[in-house]
Amino acid sequence: MTPQDSRFLQRRRLLLLGAAAPALGLAGCGTPLPLGAPDPASDPVAERLLQHSADVHGWSAYRQLRDINVRYDGAWRPIIDRIQPVVVDKGYRGWSEERLLPQAGVVAQAYTGPAGRKHVWWQRGDGSAARPGEVGVWFNGQASTDAGVLAASALVAEGYGLFLLGPLWLAGRGLVAQRGGTERVDGRLCDVVQVWKRPGLGRVALDRVAVCIDQGSGITRRVRFTLEGYSGTQGAVAEVDTFDHARRFGVLWPMRSYEEVVHPLRLPAHDWHIAGLDVDRGYDAAALRGPEFSGAAAAPARTVAS
């Protein structure tokens, strides 16, 4: 067997394992964030750790923001688009313009890629069957009715709120929090706070998030999370590490981020950075609904110095 043949077979095994993982029922087998047990009672010490990190990230300033406007650029790693084609949606992934109305739980995303334009509207519900959250997706101006596309897009949109804002996206919502020991992130010792996120990421009742808070600075360096909102990712766990934090408009933003799948197998997934950022344009939710941004939401996010 040639080295080229060996690399091909190894790659093929990874693809098959990733594609088969949900069907093999790996959700309860060794997952680092099990969901089966009832929510524990909240730990006041864990709640204080999470709120302290939120304060470090600019809680007071964040609570005053009406809207957040972000432009992302980055790249997905090889293989992950083969394992999760609906989540990655490679044809529409290049750069993106994203808009958040944080107090309303709204995230809207406009992607541009080789296949054209994709627009996502998401507003968080309460996780119940009656109010699972509102999602809309448009490809090149045409609304999608595909249930898988809608579910995956809701999960991704809520996830990007979490990745951008970290503890700010979780604090003050009465979520159950427990201490989860310590771990090192990029060499820094961090306290881990486990959060039972209700509702979860997207149109699902529950996800679990581990927040890794730097013991020295209070900065959230990593979030690890389940992905229960889409059938193709149920049982999987991923994590996002954040870097190059910068304070603008009173809020600490992660200017660079890196995502890995960590269960049921470890794979690099996505690198991205903030290329544009501004706040408080003053639009309402109607400006974010598809098939494209309108009014004050339409202009690109203001370019940030590299």
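Which side chain meets that of Glu239 in a salt bridge? Select Arg224: its side chain and that of Glu239 come together at 3.1 Å, N to O. (A salt bridge here is a side-chain nitrogen of Lys or Arg within 4 Å of a carboxyl oxygen of Asp or Glu.) Glu239 sits in strand β11 (residues 237-243) and Arg224 in strand β10, so this pair ties together parts 15 residues apart in sequence. Strands are DSSP runs of E, at least two residues, numbered from the N terminus.

Before moving on, a word on the model: it is predicted, with local features needing pLDDT of at least 70 and side-chain atom pairs counting only at pLDDT 80 or more, while totals for chains, interfaces and linings use all residues. Residues are numbered from 1 along each chain as its sequence is written, and side-chain values use heavy atoms, leaving out hydrogens and water.

Glu183 belongs to strand β7 (residues 176-185), 41 residues from Arg224. Both Arg224 and Glu183 are buried (under 20% relative accessible area, with exposed over 50% and partly exposed in between; 1.4 Å probe, protein chains only).

Arg281 is partly exposed at 23% relative accessible area, whereas Asp278 is buried at 3%.

Key. Helices (H or I, at least four residues) and strands (E, at least two) are DSSP runs, numbered from the N terminus.
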